[in-house]
Amino acid sequence: MRKFVLLLMTAIILTMASAAFAASYPSKNFECIAPAGPGGGWDTTMRMVAKVLTEQKLVTTAMPVVNKPGGGGGVALTYMQRKKGDPYELIVFSPPLILINLTGQSKLGYKDITPISMLINDFGAFAVPKNSKYKSLNEVFEAIKKDPKSVKIGGTSSLGSMDHVQFLVAAKAAGVTDLKGIQYIAFQGGEGLAAIMGAHIDLLSTGMAELVGPKESGDVKILALTSPKRIPSGPLADVPTLYEIGINAEYINWRGIFGAPGMPEAERKFMEDALKKMTETADWKEICERNGWTQVYLNAAEFKSFLDKSNEETKSLLAEIGMLQN
Amino acid sequence: MGEILTHLLNGFSVAMTPYNVLWLVLGAALGTVLGMLPGLGPTTGIALLLPLTFTMPATTALIAMASIYYGAMFGGSRSSILLNVPGDGAAVASCFDGYPMARNGRAEAALAISAIASFIGGLIATVAFVLIALPMARFALKFGPPEYFVLMIFALAATAAISKAALMKGLVAMIFGLMLTTVGLDYQSGTARFTFGISELQGGIDFVIVIIGIFGIGEVFENLEHIARDVAKPVQTKFGRIWITMEDWKRCFWPILRQTPLGFVIGILPGAGGTIAALMSYNNEKQLSKHPEEFGKGAIEGLAAPEAANNACSVGAMIPMLTLGVPGSGTTAIMLGALLILGLQPGPLLFEQHPDIAWGVIASMFLGNVVCAVINIPLAGLLVRVLSVPARILYPLIVAVAFLGVYTINFAAMDFVLLTILGFVGYLMKKFKVPTAPLILASVVGAMMEQSYRQSMMLSDGSFGIFFGSPICIVLWIFAIGSLAWPFISEARAEKKK
């Protein structure tokens with residue numbers, strides 16, 4: 001009996017303590033991590049999220065953003081492991097989180113941090129030079145099926161990263177069997193754009209925002225976007241999705257917020273709610289519009305199952321081209 | 001022509017509004033200071049300014065960002081000349097002769113000529129921008145992977161030629177530089193090379209760490225040897241006016257005019273950049289010079305040439321970004337991002353749809369150059385006094401600034417280790433009189449040379465014919481062979497004259 005009372009009391013105290021803790025969360029400043037240098041997509045997203053959360057008083061303590069670049073996000077992932085269970089650590093990530101793990105660039109992956117919410121979607125695009133002989137993406141895939149070497153695909157990131165994988169996703173759905181034979185040439189940033197505008201390569205696979213300028217100047221034709229639905233307005237409204245041209249595929253460049261590994265349940269819930277409320281503010285909507293981001297919201301559970309699914313799909317794709325390491 | 005003048009005058013009326021001028025001056029001052037601090041450069045400056053630009057009108061935002069960019073080009077050479085620590089990559093060539101000048105008691109002239117050369121280079125490039133921006137940008141698109149590869153060969157060939165005196169040592173330095181660039185994630189295969197499982201190394205060894213290590217820390221190590229002896233003796237205690245003599249001017253006039261176009265063209269090519277422009281123009285000038293033996297020992301034209309070229313380059317780099325929407329460098333990539341957020345899509349249409357913005361920015365480049373020159377000359381009078389600081393105080397300061405600067409690049413303590421190792425390499429190179437220029441140039445062009453070679457090979461399915469497949473390639477090969485042969489030709493000619 002004494003033992004039982006003791007146990008009960010301990011339980012009560014623990015519950016109260018954790019409730020009290022949850023009620024007082026957040027009581028100190030956060031550390032918001034952008035896993036890349038200043039100015040890029042990850043950095044901008046983290047800064048905007050921190051800005052709206054504090055301005056709208058959804059979080060009452062300060063949320064300074066810290067840049068931890070390196071290893072395509074791997075350095076920041078390693079850092080997060082040292083903050084196990086710390087509810088004051090937040091980090092932004094996108095598909096490379098899955099890719100750097102599967103290609104062996106990092107031992108750590110999405111299972112080593114705690115998903116909180118997915119906030120933004122962005123999509124890829126496939127472009128050809130203005131005088132290209134290819135009138136549609138289907139023609140490109142037909143040519144690849146006949147002779148993979150005859151079509152030179154460029155992308156603005158390394159082999160086995162997003163620009164490469166999004167092309168593979170489309171190629172596979174279009175019935176290309178020799179995925180490994182696809183000639184993918186990696187460029188860095190603007191050099192890829194220059195290569196497609198100068199017709200040095202046959203097709204460029206990259207983010208859709210980068211291609212708006214060259215499309216408007218008439219230097220390139222965008223054959224398809226990887227979005228599930230057509231972009232409703234703006235300069236890309238006339239570009240078909242993969243589905244529309246009979247290719248049953250999509251590729252989402254998602255961005256979401258994660259916590260440290262083992263982030264306590266109550267605090268995770270708090271942040272999840274705060275982010276949900278944030279996405280409903282006019283400020284956030286305006287920021288998304290200005291940056292050309294498609295606004296989405298997935299809660300922690302939905303986000304987690306999205307990541308599981310995406311991980312499995314990417315895994316089988318990378319296995320086919322012989323790049324799967326982990 | 002008349003149309004261009006009208007546009008330009010309109011541009012000036014946009015750029016001259018007090019609000020825009022205010023940001024122009026602030027940007028130029030901020031850029032100069034950031035440029036001076038090793039490690040911090042225009043990219044960091046513009047990224048810092050980014051949140052502020054969202055509240056500005058688009059023209060002002062673009063003017064502020066552009067003025068940071070060329071402010072940094074002006075400021076970068078200050079620390080090269082005074083401390084032998086390049087403020088940023090583009091200022092590395094300014095160490096070669098700028099620092100010896102300062103050691104020889106000619107710091108005032110060195111600081112003056114670098115500002116003057118930067119000013120003239122920037123000004124001529126801006127005029128060129130007005131006249132030929134769009135055709136030049138179109139021309140740059142003709143450069144594909146094979147053309148880039150041959151261009152890099154040309155750049156390296158010039159270095160091989162300048163280290164003629166110590167050919168073997170020069171080659172060793174060059175190969176070491178090339179080896180440094182193989183560290184990190186390889187783009188074409190997506191695998192990490194020579195990283196030893198350290199994820200901080202996946203991004204490669206940042207070029208700025210190489211130059212700060214080899215020059216700044218190497219210099220400090222070398223001076224440790226005799227710091228005990230002349231401990232109380234500063235380099236210089238009396239300072240003259242920051243200006244140059246007529247003789248200096250005569251020596252620099254043609255080098256500035258010759259190297260400005262080179263810098264401008266390199267700037268327009270996406271991916272090449274200020275560092276390559278400065279190093280190529282330095283090598284080029286050394287070859288053309290009547291007294292190449294003075295280069296590296298404080299030849300004023302050896303400072304004027306790269307300074308003019310790197311400013312012309314920063315103007316040229318704006319061209320593909322503004323006229324095509326193609327960012328050619330990290331700095332212009334961030335500027336492009338900021339413009340998109342402001343709802344502007346750079347490209348040929350920018351000039352049609354928003355002529356006030358496009359031409360306002362061009363006009364601001366003229367003003368920006370003037371403002372930078374005006375800021376830099378009096379500032380130099382203050383900065384030069386750093387030379388009166390005794391070595392025992394100055395060198396610890398250099399070390400502190402170098403470490404701080406390097407930390408701001410990746411925020412990784414790992415880079416301190418690299419910096420120290422490279423500093424030691426720099427020290428050994430000085431001890432054994434190994435030329436540093438080939439190492440520096442190789443470590444700038446190495447990555448691009450390798451990637452463009454492999455891109456070309458994939459494009460041609462393994463045929464070397466691709467490197468001779470276009471007129472641009474052929475011309476670049478002729479340049480490369482010419483610059484290898486030039487020292488021998490000029491020697492033979494000198495023999496004949498005797």
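**A buried methionine, an enclosed strand and a chain contact**

B:M73 lies in helix 4 of chain B, which spans residues 58-83. The model is predicted. Within 10 Å of the C-beta atom of B:M73 there are 32 other C-beta atoms. A residue counts as buried at 20 or more, so B:M73 is buried. B:K496 sits elsewhere in the model. Between B:M73 and B:K496 there are 423 residues of separation in sequence and 42 Å in space, taken from C-alpha to C-alpha.

In chain A, strand 8 covers residues 220-225. Of its 6 residues, 5 are buried, so strand 8 is largely enclosed by the rest of the structure. Strand 8 pairs with strand 4 of chain A, residues 114-129. The pairing is antiparallel and runs over 5 bridges. One bridge joins A:P129 to A:V220, the partner in strand 8.

Chains A and B also touch each other. Chain A gives 44 residues to the contact, and chain B gives 42. Helix 7 of chain A provides the largest share, with 6 residues. By residue type, the side of chain A that touches chain B has 14 nonpolar, 23 polar and 7 charged residues.

Technical notes. Residues are numbered from 1 along each chain as its sequence is written. Chains are lettered from A and ligands numbered from 1 in the order in which they are written. This is a predicted model: local features need pLDDT of at least 70, side-chain atom pairs count only at pLDDT 80 or more; totals for chains, interfaces and linings use all residues. A residue is buried if 20 or more other C-beta atoms lie within 10 Å of its own, exposed if 12 or fewer, and partly exposed in between; C-beta atoms are placed from the backbone. Helices (H or I, at least four residues) and strands (E, at least two) are DSSP runs, numbered from the N terminus. Two strands pair if DSSP finds at least two bridges between them. Two residues are in contact if their C-beta atoms, placed from the backbone, lie within 7 Å. Ala, Val, Leu, Ile, Met, Phe, Trp, Tyr, Cys and Pro count as nonpolar, Asp, Glu, Lys and Arg as charged, and the others, Gly among them, as polar.
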